[in-house]
Amino acid sequence: MLYEKGYRLISVSDYIDGNIDVGAGMTPVVVTFDDGTLSNFNIIEENGEFVIDPDCAVGIINAFAEEHPDFGRTSAFCLFGTNPFRQGEYLEYKLKYLVDNGFEIESHSYGHENLSELGPEAIMKSLGKIDRFIEEKVPGYRIRALALPYGGRPKDDQARAAIAQGRFEGNEYRNEAVFAVGWQPERSPIDMKTDFQYLNRVHASNEKFGIRYWLEDFDNHPEKRFVSDGDAETFTVNEKDLASLSYEKVGDRAIRVIK
Ligand SMILES: [Zn+2]
């Protein structure tokens, strides 16, 4: 459905950096999976060989990308605990496979705690531990984002600061993007109103405010939809939106204003 309606995948990192390279007329979309279930990434035995289950998320994405290479296959897996994907014997293989094949691994805390109930110290312990666990298994890889378990976001400033960045047992972490459970599409990354510490997401469901609801909404209101001009080097902005342009995000890249 996304492909047919002109949506193309970008990564979490691309969204953070404002790199939207999807071709003219296309709309960028970021796909995230929470919890690291077996159905996200499953290895099965087939004729004495170990292969990626064609019915798990990675298998389905790979097969689709083979037939539709312009859709891309980057997607982010937000993991918690010490046994993501529930097949300990393949954990290192899976993590390296994801990073080597254009997928992303992001944080979903260490113990799937509701972070709205924790103080800064406990938050730093949870977020520092999961990042170290993953980064030790995939040397050189850096986690940049966090999906909030249960969408829980603390109210006080110190705890919120500990979600954005912190340190635990010498391990520094930084969550440049933080995902809520969400119920609506997010704004452009170069919009000042975009809160990177509490980004909306849309559920892949048929329910109200699920993906079908919003795709239909964009079909009916194409003026609300972000459409790329195909030029990844330049930001094209409506004159009326200039007031909320984040020049910090744009950096020294070029801006083109249309009326
Ligand atoms: Zn979860």
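How many residues lie between strand 9 and strand 10 in the hairpin that they form? The structure examined here is a predicted model, in which local features need pLDDT of at least 70 and side-chain atom pairs count only at pLDDT 80 or more, while totals for chains, interfaces and linings use all residues. Residues are numbered from 1 along each chain as its sequence is written.

The hairpin of strand 9 and strand 10 has two residues between its strands, and Glu169 in the turn has a positive phi of about 45 degrees. Strands here are DSSP runs of E with at least two residues, and helices are runs of H or I with at least four residues, both numbered from the N terminus. Strand 9 pairs with strand 10 (residues 171-174) in the antiparallel sense over four bridges; pairing requires that DSSP finds at least two bridges between two strands. Within this pair, Gln165 stands opposite Arg174 of strand 10. Gln165 and Arg167 form the uncovered face of strand 9 (residues 165-168), whereas Gly166 and Phe168 form the covered one.

The chain as a whole contains seven helices and 13 strands. Its radius of gyration is 19 Å, close to the 18 Å that the globule rule gives for 259 residues, so the chain is as compact as a globular protein of that length. The radius is taken over C-alpha atoms, and the rule is 2.2 Å times the number of residues to the power 0.38. Along its principal axes, the C-alpha trace spans about 55 × 50 × 35 Å.

Buried residues make up 31% of the 259 residues. A residue is buried if 20 or more other C-beta atoms, placed from the backbone, lie within 10 Å of its own, exposed if 12 or fewer do, and partly exposed in between. The largest nonpolar core has 41 residues, of which Phe77, Ile123, Ala145 and Val178 touch the most other members. Among the elements that give two or more residues to this core are helix 1 (12-17), helix 4 (120-137) and strand 11 (177-179). Such a core is a set of buried Ala, Val, Leu, Ile, Met, Phe, Trp, Tyr and Cys residues joined through C-beta atoms within 7 Å.

Arg73 is found in the loop between helix 2 (57-67) and strand 6 (76-79). This residue is partly exposed because 19 other C-beta atoms lie within 10 Å. Leaving aside neighbours within four places in sequence, Arg73 is in contact with Leu9, Ile61, Asn62, Ala65 and Gly102, contact meaning C-beta atoms, placed from the backbone, within 7 Å.

How values were computed: Contact = placed C-beta atoms within 7 Å.
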